[in-house]
Amino acid sequence: ILAGTADKPVTVKPASGVANWYRIVAYGNLSPTALSSINYSVLNLAGYTPVQPVNEGIAAIRSVCLSTNCATPIITNNTITNSNNYGVTFGDLSYASAFTGNTITGSRFSAVRIRANYVGRTFTGTTNTLTGNNTSATLGHDGVFVDGQTINVSATWPSVGVPYVIQTADINVSGSTSTVLTLSPGAQLRFATNRWLLVGSS
């Protein structure tokens, strides 16, 4: 748990003479009531030295599963600057229970990388600032990097001030019940070459 406050945030940065510190990793918990919590922190110059190519495992905050237990951390009111890869990444079936009030800027690639089925569970509002990333000008990293997959739970994707960029696979909105994907006013979707949004396929 990083439990800073508005006037006294927790600060994490490299030691003197070091280019980068690596990352914070939230693993899944065996207890369903135990959540990793990162609140009111300043995370500067996370990443890896020497500079690495695109790697979702390298981020200031990395959320993943441990066996069948997937992390659903609370990530609120943090400032993440100059990460030497991604700002925040969610792997496997992981997502944030709360993701609000965060400012992510200066990341080498996207501010956030996440699977399509978990975008609506993580982004529940418009209070994050995700502009000023992809300092490497890498194609496909100009917004929230979304790994395409089947969306089988109804979700709303809000406008987050940057586009959702669909990469790696298509998005298929389907499921055993009537799955609905709602795109809020102002939301932007951008698709990589030959990627598409498929609705209603079984």
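Predicted model: local features only at pLDDT ≥ 70, side-chain atom pairs only at ≥ 80, totals over all residues.
Colleague: How many salt bridges does the structure hold?

Modeller: The structure holds 5 salt bridges. A salt bridge is a side-chain nitrogen of Lys or Arg within 4 Å of a carboxyl oxygen of Asp or Glu.

Colleague: Which residue meets Arg-115 in a salt bridge?

Modeller: The partner of Arg-115 is Glu-56, with 2.7 Å from N to O between the side chains. Arg-115 lies in strand E14 and Glu-56 in the loop between E5 and E6, so this pair ties together parts that are 59 residues apart in sequence. Helices (H or I, at least four residues) and strands (E, at least two) are DSSP runs, numbered from the N terminus.

Colleague: Are Arg-115 and Glu-56 buried or exposed?

Modeller: Both Arg-115 and Glu-56 are buried. Buried means under 20% relative accessible area, exposed means over 50%, and partly exposed lies in between (1.4 Å probe, protein chains only).

Colleague: Which residue meets Arg-113 in a salt bridge?

Modeller: The side chain of Arg-113 meets that of Asp-147, at 2.9 Å from N to O. Because Arg-113 is in strand E14 and Asp-147 in strand E15, the pair ties together parts that are 34 residues apart in sequence. Arg-113 is buried, with a relative accessible area of 10%, and Asp-147 is buried at 7%.

Colleague: What else does Asp-147 touch?

Modeller: Leaving out residues up to four places away in sequence, Asp-147 touches Arg-113, Ile-114, Arg-115, Ala-116, Gln-167 and Thr-168. Contact here means heavy atoms within 4.5 Å. Asp-147 itself belongs to strand E15, residues 144–147.

Colleague: And where is the salt bridge of Arg-195?

Modeller: Arg-195 and Asp-170 meet through their side chains at 3.8 Å, N to O. This pair links distant parts of the chain, 25 residues apart: Arg-195 is in the loop between strand E21 (189–191) and E22, and Asp-170 is in the loop between strand E18 (164–167) and strand E19 (171–173). Arg-195 is partly exposed, at 32% relative accessibility, and Asp-170 is partly exposed as well, at 23%.

Colleague: Which residues do salt bridges with shared partners join into one network?

Modeller: That network consists of Glu-56, Arg-62, Arg-113, Arg-115 and Asp-147.

Colleague: Let us turn to the strands. How many residues of E11 are buried?

Modeller: Strand E11 (residues 86–90) is mostly covered, as 5 of its 5 residues are buried.

Colleague: Which strands are joined to E11 by bridges?

Modeller: Strand E6 (residues 59–63) runs parallel to E11 and is joined to it by 4 bridges. Strand E14 (residues 112–115) also runs parallel to E11, with 2 bridges between them. Two strands pair if DSSP finds at least two bridges between them. Within these pairings, Ser-63 stands opposite Phe-90 in E11, and Thr-89 has Arg-113 in E14 as its bridge partner.

Colleague: What about the surface? Which residues form the nonpolar patch?

Modeller: Phe-191, Leu-197 and Val-199 form a nonpolar patch, with about 250 Å² of accessible area together. Patches are made of residues with over 30% relative accessible area and no salt bridge; like charges are joined within 9 Å, and nonpolar side chains (Val, Leu, Ile, Met, Phe, Trp, Tyr) within 5 Å. Accessible areas come from the Shrake-Rupley method with a 1.4 Å probe, and for residues only the protein chains shown count as cover. Val-199 lies in strand E22 (residues 197–199) and counts as exposed, at 59% relative accessibility.

Colleague: Where is Val-42, and what does it touch?

Modeller: Val-42 is in strand E5 (residues 41–44) and counts as partly exposed, at 26% relative accessibility. Apart from residues up to four places away in sequence, Val-42 touches Pro-9, Val-10, Thr-11, Val-12 and Thr-79.

Colleague: Finally, where is Thr-129 found?

Modeller: Thr-129 is in the loop between helix H1 (119–122) and E15. Thr-129 is partly exposed, with a relative accessible area of 38%. Between Thr-129 and Thr-105 there are 8.0 Å in space, C-alpha to C-alpha, although they are 24 residues apart in sequence.

Conventions. Residues numbered from 1 in each chain as written. Heavy atoms only, no water.
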